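Have the picture ready as you read.

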2 protein chains.
Amino acid sequence: MFASQNPDPRMAAARTPPHPCASWPDNGQGIRDTLDRVGDKWSILVIGILGAGPLRFGALYDQVPGISQRMLTRTLRHLERDGLLTRTSYPEVPPRVEYELTPLGDQMRETAYTFVRWATDHNDEIEAARHRYDNR
Amino acid sequence: MFASQNPDPRMAAARTPPHPCASWPDNGQGIRDTLDRVGDKWSILVIGILGAGPLRFGALYDQVPGISQRMLTRTLRHLERDGLLTRTSYPEVPPRVEYELTPLGDQMRETAYTFVRWATDHNDEIEAARHRYDNR
DNA sequence: CTGTATCCTTCACGATACTG
DNA sequence: CAGTATCGTGAAGGATACAG
């Protein structure tokens, strides 16, 4: 890793154009961190589902098709850690635990929605491009 | 694929919603596919950088901090396959290859920008939540 | 310069069994 | 019901060498 950004002011007037991650803010650092955080297999899905309102563990388990118990637990813990949802445990028997988006989490859901919508709307178009490429 | 959109008016009054991925369109299928496609470590970064204009292989390699040659090639191939960018090879010596976003790719970049912007703007907030969680 | 071809490591994830 | 503990697997990605 020797050719990262060059913060040396003396090199400011070097020949070749600078090497920022153009077009993305923060040199792409924000999206890098965020993808590491919610770019896994289930996070976005869980966030989307919780957008409809708080749910308990079992209900989430039913609504995320294909997720394992282990991954649901892990995903929820991570999202809780990041402040995107809250976990509320009720001291009953049998135990009941409810998960709910925080304002921050809901904000993220709203922001992601635009992108998800685009993805859904252009799925066919991308799929078509794939087939064209494969039969080139 | 049996649970796509159902425009049939006779099904309008069906029973309670079984297991829909509420809050996301297409039962989350679009975002599932899209994350499988551009949710890897580099795709979004490359798309963002190419938003500033076409670049050749070496320039991209310089501008994506930390990427390996292998992964840059793979990422570019995948994005080309999905119709998000074009690859133009000029028959010169030494070889010159330019990559440029397609209209579809640029549309995706624009759509993603909102989300990336949010991610960048709230990075600190999330980082703080993490720290709070770890010291709970 | 623009890639391939191998090899290797890590780790995300799934399956299963068990627990308060 | 809502988890945890443990093990196994595959795939993603990095390092390096080589090629057209």
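This is a predicted model: local features need pLDDT of at least 70, side-chain atom pairs count only at pLDDT 80 or more; totals for chains, interfaces and linings use all residues.

## Reaching the DNA

Arg70(B) does something else: a polar atom of its side chain lies 2.4 Å from a base nitrogen of DNA strand D.

Which elements give two or more residues to the surface near DNA strand D? From chain A they are helix H3 (57–63), helix H4 (69–81) and strand S3 (96–101), and from chain B helix H4 (69–81). H4(A) provides the largest share, with four residues.

## The DNA's surroundings

There are 20 residues around DNA strand D, and those that come nearest are Arg56(A), Gly58(A), Arg87(A), Tyr99(A) and Arg70(B). Sorted by class, this surface has eight nonpolar, eight charged and four polar residues.

What part of the strand faces the protein? Taking the atoms of DNA strand D within 4 Å of the protein, 57% belong to sugar or phosphate, and the rest belong to bases.

## Where the two chains meet

Now turn to the contact between the chains, which takes 61 residues from chain A and 59 residues from chain B. The size of an interface is often given as the accessible area lost when the parts come together. Here, chain A and chain B bury about 5700 Å² between them, and 65% of that is on carbon and sulfur atoms. On the chain B side, Trp24(B), Arg81(B) and Phe115(B) supply 14% of the area buried against chain A, more than any other three residues.

## Links across the contact

How many salt bridges are there between chain B and chain A? The count is four. In a salt bridge between Asp134(B) and Arg81(A), the side chains meet with an N to O distance of 2.5 Å.

Several helices of chain B give two or more residues to the side that touches chain A: helix H1 (29–38), helix H2 (43–50), helix H3 (57–63), H4, helix H5 (103–121) and helix H6 (123–134). H5(B) gives the most, with 14 residues. By class, that side of chain B has 24 nonpolar, 18 polar and 17 charged residues.

Methods: Residues are numbered from 1 along each chain as its sequence is written. Chains are lettered from A and ligands numbered from 1 in the order in which they are written. Side-chain values use heavy atoms; hydrogens and water are left out. A residue is near a molecule or strand if one of its heavy atoms lies within 4 Å of it. A polar contact is a pair of N or O atoms within 3.5 Å; within protein, one must be able to donate a hydrogen and the other to accept it, and residues adjacent in sequence count only if both atoms are side-chain atoms. Ala, Val, Leu, Ile, Met, Phe, Trp, Tyr, Cys and Pro count as nonpolar, Asp, Glu, Lys and Arg as charged, and the others, Gly among them, as polar. Contact means heavy atoms within 4.5 Å. Buried area is the accessible area (1.4 Å probe) that two parts lose on being put together, summed over both.
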